[in-house]
Amino acid sequence: MKKSLFLIIPVLILSFAFYYFNYIRTVGKGTIPVITYHSIMEEADSENEYVVSKSAFERMVKTLKENNFTFLGLKDVEDIIYNGKEFPANPILITLDDGYEDNYEVMYPILKEHDAKANIFLIGSLLDSEGFLKSEQVTEMSLSGLVEFGNHSFSMDGQFQEGKDKGKTWLSTKLEDETHEEYFEKIKNDLIWNNNFIYERSSLFPSAIAYPGAMVNETVIEAAKEADIKIGFVGANKFASKVGNLNPYEIKRFNIRESTDIDNMVRFLKSNNKVHN
């Protein structure tokens, strides 16, 4: 009997923990829930987890609307963190990385139909190239008030393909023959250039960055500050960032995939915030 209890109790504890973390737990009060997409296409791509179908994205937006979420822009988040702006019971920040042209062709019409907001982090060097947003599309979306644009580096999004730094991004990793000062200046100049590049097309100076590959270090953060960037976003996490206890340059995000259980995800994203504190 005792032996059976020793076997059953751990199973019950693990089962409860699994159920709690997956079906009961929410992001909690005082948090800023942020969800991340990349490419929104007519159909999902089974070989690319960063491609989400139009129907899945639209269902997410509709479900958030039906559950009385308030869609935030990047400036709203900056004001919450630095200026004490109160935020609604259930805020949500939708972000998209890279700046694919389907963000305009597929995603943007969904925002207009449902009066929702999203925020796109642009790689400036890819703008106006095949498969990526065109300058006039950025201008149109910015003027609509439904889309804000942030920095995803101008041309530092690539990854090392070999050697000890294989898989690391050019933004997050210093070259072997590069001094710290040279690395810092390179990053700072890239971010300033991209900010100006985005400003010329959106008429709004970006003050937010999503680090390519979610890779960041203290040098990148210091360079971002020098580039007048106020908030930064990292990648996939199990928890949301709490306003009263966060690093504004490392705000957490949740990656959304085609396989994401939308109803359960929306339940999880409910923060029930009342006021900023």
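Colleague: Where is Ser-203 found?

Modeller: Ser-203 is found in the loop between H6 and strand E9 (208–210), where helices (H or I, at least four residues) and strands (E, at least two) are DSSP runs numbered from the N terminus. This is a predicted model, in which local features need pLDDT of at least 70 and side-chain atom pairs count only at pLDDT 80 or more, while totals for chains, interfaces and linings use all residues. Residues are numbered from 1 along each chain as its sequence is written, and side-chain values use heavy atoms, with hydrogens and water left out.

Colleague: Is Ser-203 buried or exposed?

Modeller: Ser-203 has a relative accessible area of 55% and is therefore exposed; buried means under 20% relative accessible area, exposed over 50% and partly exposed in between, with a 1.4 Å probe and protein chains only.

Colleague: And what is the phi of Ser-203?

Modeller: The phi of Ser-203 is positive, at about 65°, although Ser-203 is not a glycine. Most residues other than glycine have a negative phi. Asp-98 is another residue other than glycine with a positive phi, near 95°, but Asp-98 is found in strand E6 (residues 91–98) and counts as buried, because its relative accessibility is 13%.

Colleague: Which residues does Phe-132 touch?

Modeller: Not counting residues up to four places away in sequence, Phe-132 touches Asp-98, Gly-99, Tyr-100, Glu-101 and Leu-126, contact meaning heavy atoms within 4.5 Å. Phe-132 has its place in the loop between strand E7 (118–122) and helix H5 (135–144), and counts as buried at 14% relative accessibility. The C-alpha atoms of Phe-132 and Asn-103 are separated by 8.7 Å, with the two residues 29 apart along the chain.

Colleague: Back to H6, then: how do the axes of H6 and H7 cross?

Modeller: The axes of H6 and helix H7 (residues 218–226) come within 8 Å and cross at roughly 45°, the axes being lines fitted to C-alpha atoms, for helices over the stretch in contact, with angles that run from 0 to 180 degrees between N-to-C directions. That makes H6 oblique to H7, since angles under 35 degrees count as roughly parallel, over 145 as roughly antiparallel, 65 to 115 as roughly perpendicular and the rest as oblique.

Colleague: Which residues of H6 and H7 make the contact?

Modeller: From H6 there are His-180, Tyr-183, Phe-184, Ile-187, Lys-188 and Leu-191, and from H7 there are Thr-219, Val-220, Glu-222, Ala-223, Ala-224 and Glu-226. By class, the contact of H6 with H7 has seven nonpolar, two polar and three charged residues, where Ala, Val, Leu, Ile, Met, Phe, Trp, Tyr, Cys and Pro count as nonpolar, Asp, Glu, Lys and Arg as charged, and the others, Gly among them, as polar.

Colleague: What about Asn-195, is it buried or exposed?

Modeller: Asn-195, which lies in helix H6 (residues 180–202), is buried, with a relative accessible area of 0%. Leaving aside neighbours within four places in sequence, Asn-195 is in contact with Asn-151, Phe-205, Pro-206, Ala-227 and Ile-229.

Colleague: And at what angle do H2 and H4 cross?

Modeller: The axes of helix H2 (residues 54–66) and helix H4 (residues 102–114) cross at roughly 25° and come within 10 Å, which makes H2 roughly parallel to H4.
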